[in-house]
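Me: I have a model open and want to learn to read it feature by feature. Where do we start?

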Amino acid sequence: MSKQEFLTQLRKGLSGLPQDDIEERLTFYSEMIDDRIEEGLSEEKAVSAVGSVSDIIQQIVADIPLSKIAKERIKPTRRLSVGEIILLALGSPIWLSLGIAAVSVICSLYISLWAVIISLWAVFVSIAAGAIAGLLACVVFVAGGNGASGVAMLAAGIICAGLSIFMFYGCKAATNGILILTKKMGIWIKNCFISKEKV
């Protein structure tokens, strides 16, 4: 792919973002390709060394704050007519309440997912505390002359320690999954505000 084709595809993919950001990114990648050409790479190799257009677009969208994208998208392109204003005002009890309900449901689902993660971490802490308590109880029972109970407490402590290790990795994986989901949701919301230019 040539430099011009790359920049054209990048511009199309970034349409809908603020114009200043588009120009800044195009200048940045143009200079990056030029630098690689000066280092001795051919134009095609310099373009391929920069990366794929879709990955670059996804990274740029992830980096730009949602508020900036929303401001660009919400700018009115024309003045509303009196009839449109009246329809918006009369319909607001319906569309405003439905919008608030939709946002509330989405937020409650997201908060519920985090509540599950916090509960999993609480179970991990409880099991780890049980492991420590079992080992301490073992020492107390053995010192008190009750060896059988001490051995039972030692076994319970070792079982809890093993379970806490498995629980830790499970909690870590679940937390990472929720963080990845959060990032993907943020990019999806940003993409809802960006109007893609038709190819």
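**Reading a helical packing**

Reply: We start with what packs against the first helix. This is a predicted model. The cover over the buried residues of H1 includes helix H2 (19-38), helix H3 (43-50) and helix H4 (53-63).

Me: How many residues does H1 have, and how far does H1 reach from its first C-alpha to its last?

Reply: H1 spans residues 3-14, which is 12 residues. The reach from first C-alpha to last is 16 Å, close to the 16 Å expected at 1.5 Å a residue.

Me: What follows H1?

Reply: Gly16 follows, and its phi is positive, near 105°.

Me: Which residues of H1 are buried?

Reply: Lys3, Phe6, Leu7, Leu10, Gly13 and Leu14. Look at the spacing with the general rule in mind. An α-helix has 3.6 residues a turn, so residues three or four places apart point the same way.

Me: Which residues of H4 are buried?

Reply: Val53, Ile56, Ile57, Ile60 and Val61 are buried in H4. Their arc around the axis is only 130°, so they too lie on the same side of their helix, H4.

Me: Lys3 is on that H1 list. How do I judge a lysine there?

Reply: Take the accessibility, then the partners. Lys3 lies in helix H1. Its relative accessibility is 17%, and the cut-off for buried is under 20%, so Lys3 counts as buried. Beyond its neighbours within four places in sequence, Lys3 is in contact with Ser30, Ile33, Asp34, Glu43 and Val47.

Me: Which side chain does a polar contact of 3.1 Å join to that of Lys3?

Reply: The side chain of Ser30. Ser30 is in helix H2. At 16% relative accessibility, Ser30 is buried as well. Leaving aside neighbours within four places in sequence, Ser30 is in contact with Lys3 and Leu7.

Me: Now the nonpolar side. Which residues touch the most other members of the largest core?

Reply: The core holds 18 residues, and Phe6, Leu10, Leu14, Tyr29, Ile56 and Ile60 touch the most other members. H1, H2, H3 and H4 each supply at least two residues of this core. H4 gives the largest share, 5 residues.

Me: Take one of those residues. What is Leu10 in contact with?

Reply: Set aside neighbours within four places in sequence. Leu10 is then in contact with Leu26, Tyr29, Val53, Ile56, Ile57 and Ile60.

Me: Val53 is in that list. What does Val53 touch in turn?

Reply: Val53 is in helix H4. It is buried, at 10% relative accessibility. Not counting residues up to four places away in sequence, Val53 touches Met1, Phe6, Gln9 and Leu10.

Me: And H3? Which residues does Val50 touch?

Reply: Val50 is found in helix H3. Its relative accessible area is 14%, which is buried. With residues up to four places away in sequence left out, Val50 touches Phe6, Tyr29, Met32, Ile33, Arg36 and Ile56. One of these pairs shows how to compare sequence with space. Val50 and Ile33 are 17 residues apart along the chain, and their C-alpha atoms are separated by 7.1 Å.

Me: How far apart in space are Val53 and Cys160?

Reply: They are 50 Å apart, C-alpha to C-alpha, with a sequence separation of 107 residues. Asp63 gives another such case: Gly145 is 82 residues away in sequence and 64 Å away in space, C-alpha to C-alpha. Asp63 is found in helix H4. At 47% relative accessibility, Asp63 counts as partly exposed.

Me: Last feature, the cysteines. How many disulfides are there?

Reply: The count is 0 disulfides. Here the test is a sulfur pair within 2.5 Å. Cys160 is in no disulfide, and the nearest cysteine sulfur, that of Cys138, is 13 Å away.

Me: Is Cys160 buried or partly exposed?

Reply: Cys160 is partly exposed, with a relative accessible area of 22%. Cys107 is also partly exposed, at 40%.

Methods:
Residues numbered from 1 in each chain as written. Predicted model: local features only at pLDDT ≥ 70, side-chain atom pairs only at ≥ 80, totals over all residues. Heavy atoms only, no water. Helix = DSSP H or I, 4+ residues; strand = E, 2+ residues; numbered from the N terminus. Expected span 1.5 Å × (residues − 1). Buried < 20%, exposed > 50% of the residue type's maximum accessible area, 1.4 Å probe, protein only. Contact = heavy atoms within 4.5 Å. Core = buried A, V, L, I, M, F, W, Y, C linked by side-chain atoms within 4.5 Å. Arc of directions from axis to C-beta. Polar contact = N/O pair within 3.5 Å; in protein donor to acceptor, adjacent residues only side chain to side chain.
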